[in-house]
Each structure stands twice: as structure tokens, then as C-alpha cells.
Amino acid sequence: VQLQASGGGLVQAGGSLTLSCAASGNFFAMDDVRWFRQFPGKSRALVAAITGGGSPTYGDSVKGRFTLSRDNSKWTVWLRMNNLKPEDTGYYLCVAKIRDSEDAYEREYWGQGTLVTVSS
């Protein structure tokens with residue numbers, strides 16, 4: 001199983017980006033997915049999360065600006081980020097809980113980080 005995060009880039013404050021987190025390989029289901037932001041020298045922060053059924057939750061700093069969605073036919077989660085601020089800058093990492101079969105325990109997989117840079 002591989003988890004691929006992509007979509008980062010350089011954007012001006014007020015701009016938008018959409019990150020994606022896609023799982024590939026041989027597995028049964030991708031359940032909860034979380035997005036974290038990390039910047040060198042700072043602690044990792046939970047940005048948003050979405051359940052396997054599509055229910056999202058957001059960190060206080062991104063509520064109203066970020067939107068999570070998913071397509072389980074593609075095992076992909078998207079994080080739409082609007083009205084970006086310089087403090088949103090960092091590496092965004094997705095973490096997914098994936099089951100090998102219907103009754104299997106979930107395993108946690110980490111994608112590589114994708115860098116988001118918001119200039120003021």
C-alpha cells in the first residue's frame with residue numbers, strides 16, 4: 001500500500017490550493033484520513049480529518065477556509081484550502097487508516113509531505 005500526497009505549491013495570501021491524498025495498492029478500504037501541518041522547528045498540528053463515511057472535522061485555525069472531501073471509488077481525499085494565510089505555510093502530511101480486509105485491523109500509513117508556502 002502506498003499513500004501519495006500532492007498539490008502543494010507557492011501561493012499568495014488569499015489564494016487557494018487543493019491537496020490530494022491517494023491510496024494505491026492491494027487493500028480493502030481506506031478509513032479515517034487526517035492531514036497534519038508541520039514546519040521545521042515547530043510541532044506537528046492536526047489540520048483536518050475525515051472519516052471513512054465522509055464526515056469532516058477541522059482545526060479552529062482553518063474552519064471556514066478549508067474543506068475536506070473524498071471519493072472512495074478512487075480512495076482519494078482532497079483538502080481544498082481557500083483564503084490561505086502565511087501561517088498556513090508548512091509541510092502537509094496525510095495519514096490514513098487502511099484495512100487489508102473487511103475484518104482486519106486498521107494499519108496507519110503516512111504519505112510524504114507536500115510543501116505549501118503562502119507569501120504575504
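**Loop residues and overall fold**

Analyst: Lys74 is exposed, at a relative accessible area of 55%; exposed means over 50%, buried under 20% and partly exposed in between, with a 1.4 Å probe and protein chains only. This is a predicted model, in which local features need pLDDT of at least 70, side-chain atom pairs count only at pLDDT 80 or more, and totals for chains, interfaces and linings use all residues. Residues are numbered from 1 along each chain as its sequence is written, and side-chain values use heavy atoms, with hydrogens and water left out.

User: In which loop is Lys74 found, and what separates the C-alpha atoms of Lys74 and Gly25?

Analyst: Lys74 belongs to the loop between S7 and S8. Gly25 is 49 residues away from Lys74 along the chain, and their C-alpha atoms are separated by 11 Å.

User: How many helices and strands does the chain have?

Analyst: Helices (H or I, at least four residues) and strands (E, at least two) are DSSP runs, numbered from the N terminus. Read along the sequence, the pattern is β-β-β-β-β-β-β-β-β-β-β. The count is therefore zero helices and eleven strands.

User: What is the radius of gyration of the chain?

Analyst: The radius of gyration is taken over C-alpha atoms, and the globule rule is 2.2 Å times the number of residues to the power 0.38. For 120 residues that rule gives 14 Å, and the chain comes close to this, so it is as compact as a globular protein of that length. The radius of gyration of the chain is 14 Å.

User: Which residues have the most contacts inside the largest nonpolar core?

Analyst: A nonpolar core is a set of buried Ala, Val, Leu, Ile, Met, Phe, Trp, Tyr and Cys residues joined through side-chain atoms within 4.5 Å. The largest such core has 28 residues, and those with the most contacts inside it are Met30, Trp35, Leu79, Met81 and Tyr92. Strands that each supply at least two residues of this core include S4 (29–38), S8 (76–81) and S9 (90–99).

User: Is Leu84 buried or exposed?

Analyst: Leu84 lies in the loop between S8 and S9. Not counting residues up to four places away in sequence, Leu84 touches several residues, among them Val11, Leu17, Phe66 and Val118, where contact means heavy atoms within 4.5 Å. At 1% relative accessibility, Leu84 counts as buried.

User: What is the phi of Asn83?

Analyst: Asn83 is placed in the loop between S8 and S9 and is partly exposed, at 41% relative accessibility. Although Asn83 is not a glycine, its phi is positive, at about 50°.

User: What is the relative accessible area of Trp75?

Analyst: Trp75 lies in the loop between S7 and S8. Its phi is near 45°, a positive value in a residue other than glycine. Trp75 is partly exposed, with a relative accessible area of 22%.

User: Which residues is Thr51 in contact with, leaving aside its neighbours within four places in sequence?

Analyst: Thr51 is found in the loop between S5 and strand S6 (56–58), and is partly exposed at a relative accessible area of 31%. Asp88, 37 residues apart from Thr51 in sequence, is 23 Å apart in space, C-alpha to C-alpha. With those sequence neighbours left aside, the contacts of Thr51 are Asp31, Asp32 and Arg70.
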